[in-house]
Amino acid sequence: MSLTPHHLQLNQQGQLRHFLTIEGLSRELLTELLDTADSFLEVGERAVKKVPLLRGKTVCNVFFENSTRTRTTFELAAKRLSADVLNLNISTSSTSKGETLYDTLQNLEAMAADMFVVRHGDSGAAHFIAERVCPDVAVINAGDGNHAHPTQAMLDMLTIRRHRGDFENLSVAIVGDILHSRVARSNMLALKTLGCPDIRVIAPRTLLPEGIDQYGVRVFNDLRVGLRDVDVVIMLRLQKERMQSGLLPSESEFYRLYGLTRETLALAKPDALVMHPGPINRGVEIESDVADGPQSVILKQVTYGIAVRMAVMSMAMTGQTTQRQLTQEAN
Amino acid sequence: MRLTIEGARVIDPASQFDEITDLHIAAGHIQAIGAAPEGFNASQRIDARGLIACPGLVDLNVALREPGHSRKGNIASETRAAAAGGVTTLCCPPDTRPVLDTPAVAELILDRSQAAGNARVLPIGALTKGLEGEQLSELVALRDAGCVAFTQGLTPMAGNRILRRSLEYAATFDLTIILTPQDADLAEGGMAHEGPTASRLGLVGIPESAETVALARDLLLIEQTGVRAHFSGLTSARAMDMLATAQARGLPVTADVAAYQLLLCDEDLVGFSSQLHVMPPLRSAADRRALREAVQSGVVQAIASHHRPHEAEAKRVPFAASEPGISSVEILLPLALTLVADGLLELPAALSRVTSGPASALGLPVGIGQLQLGGAADITLFDPAQACEIGRNWLSRGSNCPFIGQGAPAAVTHTLHGGKLVYQLT
């Protein structure tokens, strides 16, 4: 008696039908996604910023956690693909009336939604929806608990690729609260899959998850050692709660040891990219001058985020539609 | 009614009896093993050739969900499921609503289980009032009402002082205490074994030390107070070491493990199936190996189902939001028998872990968990050659079982409780 997990994200032809995690996706698929996003970047520069790929489709942004930036870029991405968009902030509506996640989504499905973009505080929530609630609706994970934030990872990859060409000879450092970061988890997986040879994580032991070596990364506790000669620095947001739970003594000690300043950035390669998934805490994990400095691509990341989300949405919609046709033919 | 079970391989682990023979039952008791007593005229016969007859199974941990959680199950439904699993004696934990901390609740459970008539139910009383960990329950009154042991379950004591006092008080009256060590503070917010899998899934981890820190404290206090103690649902390799060391030093502590812990491990959580959300959590493959070895060596005397039926909605949510537990009393035997299939134990020894082992661990009345002349005819018959699909004719109200749909290596064919046929495979 044993249990075998199955592959949820791909249709029978190996196309993306849900986008839940980077885990299990091939280098070819991630590269295709980046190529598609590249082609959509050009759409954003046109006077009429629309393509008709999702015309007649309904995309529901279902956010159980607040996030202005992520929700807005998903909304823009869907609109540029000509979809109808519905935004739902569930934290303030149905669940407080006692409706379950299951019922909320089944109701939305009954309104003929074609795609759910879901952010939820529970790790595995997007898996749950794709597997148990609405397998026929394309589900895009916009962040689930500490588990995954795959569209953020892919926009980070697009940012790196557009500025550095490829991943083959890069050193990338991820700095800060790895333990609670879905961005870090998805980034480590994406960098590995795309062939980045030197992935470093830099944090005190209290902010590192157990078994971090499974990601094939090098662990540094000292920022000044870990940043040496890296090509890319990805800073993570530090939540205030971390001080109360005994993981860190204070913001200022964290900043002193792990904050990215002009001084510590100087240890990296001279033209090293500075990235951050946002929102940034100036003076907590990153110095203002660095965040706004010439090496920072933090705002570029936001721009690329729209193109990446357009790519994910169009690919998942195609994969889901193809799967529906395959299932109909089989019946 | 006079019943003869003909031609079964009769295995009684307690007396090391293992022969193909007949069992003769009258007035609810075993009258003879082998030749029929003079003048015995069976009114009913079971042709049991090819089947194995063993003592009715003893399951030390079966949540019946009554009173208070009827959406999840009730005494009638869950004892019927137990009978289908070959379980004729079961202990139910005190986390009912109201909590089993007064004789009235114990009496209600006993009355309803007697009315249902599917199995012998032995309640476990709450060690503290309301399981709040602050004030002792009336342990002697609860004993007199039928409670065979006392536990706090996974709910923490207010402090070590009340824990020590409660063990001391229990020792005064030679009561048995059941402990499930898990330091609530170290486990805070956790839902899976702290390790690479939980890290990758972004699930908050429960470190092994949540179990071992509490176990170390418990062992010291048991030694100091001299209380009779049994550990229920241990999960880690390190805990197995600590238990073996304590036993080697002469501390009379016993233990059971959850049957599913012998088959599943944290790696199975990939995919986030809420069916695998259990508490204490599924640990690593190495821990699972150590648990199996401890069952093999006898450091762990008992395998219990840790049956926790749930309504569908309790599991139809993301992993982290789901309620922990597996409905498993119906498959206790096939889960235990995987140890035989894997070559860890001979069949009689494996059966002892679900019959005489648990009975003696809790010091249950003589006759329970064994085949005894003149004793109650609690007998389970099963077909070791008949594979069956788990979940067909599922009886528990909770269908929250990750093994449903899989093949089981053996099938319970008949269960007799007090000489009455309470289950028959159709």
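Select chain A to begin: buried residues make up 49% of its 331 residues, where buried means that 20 or more other C-beta atoms, placed from the backbone, lie within 10 Å of a residue's own. What you have open is a predicted model, in which local features need pLDDT of at least 70, side-chain atom pairs count only at pLDDT 80 or more, and totals for chains, interfaces and linings use all residues. Residues are numbered from 1 along each chain as its sequence is written, while chains are lettered from A and ligands numbered from 1 in the order in which they are written.

**Stop 1: the whole of chain A**

Switch to a cartoon view. Chain A holds twelve helices and nine strands; these are DSSP runs numbered from the N terminus, helices being H or I with at least four residues and strands E with at least two. Its C-alpha trace spans about 60 × 45 × 45 Å along the principal axes. The radius of gyration of chain A is 20 Å, which agrees with the value near 20 Å for a compact globule of 331 residues. That radius is taken over C-alpha atoms, and the globule rule is 2.2 Å times the number of residues to the power 0.38.

**Stop 2: the nonpolar core**

Next, select A:Met115, A:Phe116, A:Val175, A:Val233 and A:Met313, the residues with the most contacts inside the largest nonpolar core, which has 246 residues. Such a core is a set of buried Ala, Val, Leu, Ile, Met, Phe, Trp, Tyr and Cys residues joined through C-beta atoms within 7 Å. Helix H12 (residues 298-330) of chain A gives the most to this core, with twelve residues.

Now center on A:Phe116. Beyond its neighbours within four places in sequence, A:Phe116 is in contact with residues including A:Cys60, A:Leu105, A:Ile129 and A:Val139; contact means that the C-beta atoms, placed from the backbone, lie within 7 Å.

**Stop 3: the annotated binding site**

Select A:Arg69, A:Thr70, A:Arg119, A:His149, A:Gln152, A:Gly278 and A:Pro279, which an unreviewed UniProt entry annotates as "binding site". UniProt positions are given in the numbering used here, feature names are shortened, and annotations may be inferred rather than shown by experiment.

Zoom in on A:Thr70, in helix H2 (residues 68-80) of chain A. A:Thr70 counts as buried because it has 23 C-beta neighbours inside 10 Å. Leaving out residues up to four places away in sequence, A:Thr70 touches A:Arg119, A:Ala142 and A:Gly143.

Then move to A:His149, in the loop between strand S4 (138-144) and helix H5 (150-164) of chain A. This histidine, A:His149, is buried too, because it has 28 C-beta neighbours inside 10 Å. Setting aside residues up to four places away in sequence, A:His149 touches A:Gly143, A:Arg182, A:Val183 and A:Ser186.

**Stop 4: where the chains meet**

Show chain B as well. Here 25 residues of chain A are in contact with 25 residues of chain B. On the chain A side, helix H3 (101-110), helix H4 (125-133) and helix H6 (182-193) each supply at least two residues, and H4(A) gives the largest share, four residues.

**Stop 5: a covered strand in chain B**

Finish with strand S13 (residues 228-232) of chain B, where five of five residues are buried. B:Arg228, B:His230 and B:Ser232 are on one side, with B:Ala229 and B:Phe231 on the other. S13(B) pairs in the parallel sense with strand S10 (residues 176-179) of chain B over four bridges; strands pair if DSSP finds at least two bridges between them. Look for B:Ile177, whose bridge partner in S13(B) is B:Ala229. S13(B) also pairs in the parallel sense with strand S14 (residues 254-258) of chain B, over three bridges, and B:His230 stands opposite B:Thr254 in S14(B).

How values were computed
Two residues are in contact if their C-beta atoms, placed from the backbone, lie within 7 Å. A residue is buried if 20 or more other C-beta atoms lie within 10 Å of its own, exposed if 12 or fewer, and partly exposed in between; C-beta atoms are placed from the backbone.
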